[in-house]
Amino acid sequence: MNTLFLALVITASQILLGISMLCATWRMLRGPRAQDRVLGLDALYLGAMLLLVTYGIQTGRTLYYEAALAIGLLGFTGTVALSKFLMRGEVIE
Amino acid sequence: MIQAPDLPLWAAILVGLLLLAGSITTLIGSLGLLRLKTFYERVHAPTLGATLGSLLVLAASTVCFSALQSRPVVHELLIGVFVTLTTPVTLMLLARAAIYRDRSEGQAPVPPDRLVKNKRE
């Protein structure tokens, strides 16, 4: 009973995070300008990171935590590089 | 794919509440990203998921692993600190780039550049 309730709640929160990732994907694909697309990408990788953390809760393994940490690190680098590209026209000057 | 760890009742209730609150907050932020009109309004919306949403989900993970291993497990704190530190930096860079692009095109309603005007006077 206890475990079934928790399983349903975890699945519901995964579905909510998936819907939020879909909204971010919509903004990334249809954004009127390039900065909107970068903003959508930022929200998308954040949702993916939180989804991996909920998978870690579901299975009880710490493997997913390390994957979430890697996504957080690489997503930060990607967003900084893209906004620098939008400002200057090149990443490394 | 429906499965869950075998937690005591208090931990299960706490983890469930924190997870639901975190994912609903993240969803509200993404809906704002979808609904708001201009870029300068939209840039505020996903920070809701980056701060409060990720904090709640990571707190749920911390409670879950601490109850499973019956010792305090705080490695999720690392993700929380990192996301909280980096999100303002990235979004301020992005907003700066957007202001620069809009000013150089000169068509979107952007606030005037006070620094440049003072230098000219």
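Q: Which residues is B:S61 in contact with, leaving aside neighbours within four places in sequence?
A: In this predicted model, B:S61 has its place in helix α3 (residues 47-69) of chain B. Helices are DSSP runs of H or I, at least four residues, and strands are runs of E, at least two, numbered from the N terminus. Contact means C-beta atoms, placed from the backbone, within 7 Å. Leaving aside neighbours within four places in sequence, the partners of B:S61 are A:V53, A:G56, A:I57 and B:E76.

Q: Why does B:S61 count as buried?
A: A residue is buried with 20 or more other C-beta atoms within 10 Å of its own, exposed with 12 or fewer, and partly exposed in between; C-beta atoms are placed from the backbone. B:S61 is buried because its count within 10 Å is 28 other C-beta atoms.

Q: How far apart in space are B:S61 and B:L77?
A: In sequence, B:S61 and B:L77 are 16 residues apart. C-alpha to C-alpha, the distance between B:S61 and B:L77 is 10.0 Å.

Q: Which element gives the most to the side of chain A that touches chain B?
A: Here 46 residues of chain A are in contact with 49 residues of chain B. The elements giving two or more residues to this side of chain A are α1 (2-30), α2 (34-59) and α3 (63-88) of chain A. With 18 residues, the one that gives the most is α1(A).

Q: How many charged residues are on the side of chain A that touches chain B?
A: Ala, Val, Leu, Ile, Met, Phe, Trp, Tyr, Cys and Pro count as nonpolar, Asp, Glu, Lys and Arg as charged, and the others, Gly among them, as polar. This side of chain A has 26 nonpolar and 15 polar residues. Its charged residues number 5.

Q: Roughly parallel or roughly antiparallel: how does α2(A) lie to α3(A)?
A: The two axes come within 9 Å and cross at roughly 175 degrees. Axes are lines fitted to C-alpha atoms, for helices over the stretch in contact, and angles run from 0 to 180 degrees between N-to-C directions. Under 35 degrees is roughly parallel, over 145 roughly antiparallel, 65 to 115 roughly perpendicular, and the rest oblique. Therefore α2(A) to α3(A) is roughly antiparallel.

Q: What percentage of the residues of chain B count as buried?
A: Chain B has 5 helices and 0 strands. From the N terminus on, its elements run α-α-α-α-α. Of its 121 residues, the buried share is 36%.

Conventions: Residues numbered from 1 in each chain as written. Chains lettered and ligands numbered in written order. Predicted model: local features only at pLDDT ≥ 70, side-chain atom pairs only at ≥ 80, totals over all residues. Contact = placed C-beta atoms within 7 Å.
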